[in-house]
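Me: I would like to learn how to read the overall features of a protein model. Please take them one at a time.

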Amino acid sequence: MSDATQNGPMLAADGTPLKRSLARSLRNQKLRALALISPLLIFVLLSFIFPIASMLFRSVENEIVGNVLPQSKVQLEAWDGQSDVPAPLYRAMYYDMFAAAEAKRHTRLGTRLNYEVSGMSSLFRQSGRKLDKPGKDLLKDFKKLDAAWAKGGAIYALMAGDPADARDTALAATKRAEISAMVGETIPASFDFAPSARVSAMLPATADAFMAYAAFEGGIDGKNLAKGKPWETVFVALAEDLQTADATGYNGPHADLLAQAIAAKDSIAAPDYGAIFAKIDKDWAKASTWQTIKTHSPTFTNGYFLNAIDMRRTAEGAAWQPEDKQILLTLFGRTLIMSLIITGSCILLGYPVAYILANLPMRTSNLLMILVLLPFWTSLLVRTSAWKVMLQQQGVINDVLVWLGLVADEARLVMINNELGTIIAMTHILLPFMILPMYSVMQTIPPSYVRAAKSLGATNWTTFWRVYFPQSVPGIGAGSILVFILAIGYYITPEIVGGTKGVFISNRIAYHISSSLNWGLAAALGTILLAVVLILYWAYDKIVGIDNVKLG
Amino acid sequence: MKFTTTLLAGTALTVAGAAFADEMTIVSWGGAYSKSQLKAYHEPYSAKTGVTIINDDSSAEAVAKLRAMNEAGNVTWDVVDVVASDAIRLCDEGLAMEIDADTQLAPAPDGTPASEDFGELRVSDCFIPQIVYSITFGYRTDLVGDKAPTDICAVFDLKAYPGKRSLEKRPINNMEWALLCDGVAKGDVYDVLATAEGQDRALAKLDTIKDSVVWWSAGADTPQLLADGEVIMGSTYNGRLFSVIEEQKQPVAMLWDAQVFDLDGWIIPAGLSEERKQRALDYIYFATDTQRLADQAKYISYGPARKSSAPLVGKHADLGIDMAPHMPTDPNNAKNTFLYNYEFWADYRDDIDAKFQAWLAK
């Protein structure tokens, strides 16, 4: 800059300072380059980065409790988890569960909690079916007072109040948000019901329950509220409100019905929410059930990661799983060790092959190369199943050994459905990934170096070890990284030939993805696996140096 | 950017086009089972309506895939064949639609409403059962010695029947059999299994044969292991054993004792467009009527789920043998059956599976 101020700026042909002109043309060039790679960039983002990010997110995400039980979650946070379950919690749970059961979301939550404690799944499923009972009983009481209560639309008219009334828009907005978060759909703006503010102030619980019904049946399902029958919760809430409601001076629709009900409030029992739950299932009477929900209610959880390392989230913090359920750390360890063994055996088997390929005349080496590549063109499943035929106790290898008399018929070797089977089959399958990088590196080693070493008096071994081998190390490094990373995530081969002791962590990931549907845990396991690979890669870089890796 | 937009728009068009064309995607298990459905249901339905049916052999991952499709908001399947326990889960998760048996399914020829005709086999409101199958044992007649096993506990009797046996690599069924053979009464099995002691007891019983077990994970494993003489007995689906015995003529026989009944049937995914939903319902109405269910038994040895179909079961389409005696529901075979408890496994599956896998790895 100082040069420019002293000597005046150098100008480009069009009169702009040269520096700016250069910067602009460089920027244009960069933009053009970016535009050229943008399809690829977007593809990588969409198909690679985005799925990985969403997987990472899934392993900590736990919105379901808050979405399905919004009011209960607030109450659960207020509860210390030690004292008796407070009445407001029972109450909130009753209304939340009812709405969830109508939307069929309670079973999803049950499935989620069942991952932590067995029995939650059926507890939620069965409770969902029994929640109408108290409301139905109360409706009978209301009907005794006046048959009009049972008519579709009666409650709607009561809640809507006088058309001239102010609306309780705050309540409407809250309930709309709760229902749409639970269902995962937005309520269209065309649905605009909100209870009368006057009625809502007089009968707060009823307005709350009715608005939840209205938001779901009217907003999500698009039903006509003026004709439909409200959820049973509305009558439960009404019974609760009657005990304290004061309708003097109210003159809106059904004011007479309401006044009559308030007058007869002694004949309508106020709901006891604790008793309702105790009646539905004895498990609801246990504090542990509520503690489980409380423990797993935060929006973000470390529970899946704890599960992934054989621990679990409890009310008192992280704790080990019972010993007879600890399996995942063992599998992580086994996956790492066996992948290392497979990588090692690939090096041992692959090195001589690559050496021969690199040092034979072109014509012969091409032929051999086809033999190396041949397995690539065969289905993975076919190759794995072929090993089954070879290795099983009544298989080809055992038959030959027995025929040769090397092994007694009763003592046939067990070579499959264990670690050995997995190692053999996977070494075979991954071998080309080791040979190819080694081969391309060895091809670039000038034969003159070897000749020079020998002419200077080195023995064959010294020549190989001191001259040839160090130059081939980058190939070993590249092959090892390829094979190891592929091996660590292998799934189908261990599943088929691994038996009980040869399965990998990926088999558990597959189980949790497709059978138990515990995607959070599967994501946590996948994340840990990814982290382990990155750490090993980093360690490799520190120890060997990633510059020493060549693919050719 | 423009290129990608065009690409996305193109994909959207293709998807929309597929949805409006006169074709539907039906998901099933593949192999001989899909073939039996093709012959008994798909071909007559296509002939009747002109709808092209596309088969997708993805039933093994149906629950996971339907969940992913639901999350993505693009369900591409119209009708899905799943086992009963998966149907219950799909129903629980709101991924399958509920079906009213009496209004949406065909009544029996004598007018009995469908709900009665299926009876208690309709284990979920979303589920229309098709077949009753069983998981049971087959044994090598030439390798078990002179005393053919007639009792499920032969599996646990290494003295009388030395040699390897194959069991499925999951706790379901194995735990029940272990408890039955450890002296637990049939009616108490699930009560016992619900306790930690009961689970330990079942694993301890399995431990006595652990070294002699080959664990399978695909239905084709046991038939192959039996055919190769790798095991002397093994559990699998009864239809697989039927084909080993009758079609491949291997020296294998069935052990029907304590066979575990299970169900397989249709569900319709939730969230289909009205048009696709109607077509799926129309297909289901056709494919689950009395005659169609009986027809399927001509091609595979699984029992039809309707009571009214049982008398119509005829001979095998190719082999010409009478199919009734090969049905798991045949009175001779069903003398001692074990009923699978869906609710129990829905609750305890994850817990017991973790213990089972930990035990396997020991």
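Reply: This is a predicted model. Start with contacts: among those in chain A between residues at least 6 apart in sequence, 72% join residues at least 24 apart.

Me: What share of the contacts in chain B with a separation of 6 or more comes from residues 24 or more positions apart?

Reply: In chain B that share is 75%.

Me: How many helices and strands does chain A have, and how does its radius of gyration stand against the globule rule?

Reply: Chain A has 27 helices and 2 strands. Its radius of gyration is 36 Å, while the globule rule gives 24 Å for 552 residues; the value is well over the rule, so chain A is more spread out than a compact globule. The box filled by its C-alpha atoms, taken along the principal axes, is roughly 115 × 95 × 40 Å.

Me: How should I read burial and surface in chain A?

Reply: Burial is a count of residues, with under 20% relative accessible area as the cut-off. In chain A, 47% of the 552 residues are buried.

Me: What are the burial and surface values for chain B?

Reply: Of the 362 residues of chain B, 57% count as buried. Its accessible surface comes to about 14,300 Å², with 54% belonging to carbon and sulfur atoms.

Me: Which residues make the nonpolar surface patch of about 1,100 Å²?

Reply: Among them are Leu31(A), Ile37(A), Phe43(A), Val44(A) and Phe48(A). Take Val44(A) as the example: it lies in helix α2 of chain A, residues 18-58. Its relative accessible area is 33%, and Val44(A) is therefore partly exposed. Patch residues need over 30%.

Me: How do strand β1 and strand β2 of chain A pair?

Reply: Strand β1 (residues 311-314) and strand β2 (residues 317-320) of chain A pair in the antiparallel sense over 4 bridges. A hairpin of 2 residues joins β1(A) to β2(A). For one bridge, look at Arg312(A), whose partner in β2(A) is Ala319(A).

Note on methods:
Residues are numbered from 1 along each chain as its sequence is written. Chains are lettered from A and ligands numbered from 1 in the order in which they are written. This is a predicted model: local features need pLDDT of at least 70, side-chain atom pairs count only at pLDDT 80 or more; totals for chains, interfaces and linings use all residues. Side-chain values use heavy atoms; hydrogens and water are left out. Patches are made of residues with over 30% relative accessible area and no salt bridge: like charges are joined within 9 Å, nonpolar side chains (Val, Leu, Ile, Met, Phe, Trp, Tyr) within 5 Å. Accessible areas come from the Shrake-Rupley method with a 1.4 Å probe; for residues, only the protein chains shown count as cover. A salt bridge is a side-chain nitrogen of Lys or Arg within 4 Å of a carboxyl oxygen of Asp or Glu. Buried means under 20% relative accessible area, exposed over 50%, partly exposed in between (1.4 Å probe, protein chains only). Contact means heavy atoms within 4.5 Å. Two strands pair if DSSP finds at least two bridges between them. The radius of gyration is taken over C-alpha atoms; the globule rule is 2.2 Å times the number of residues to the power 0.38.
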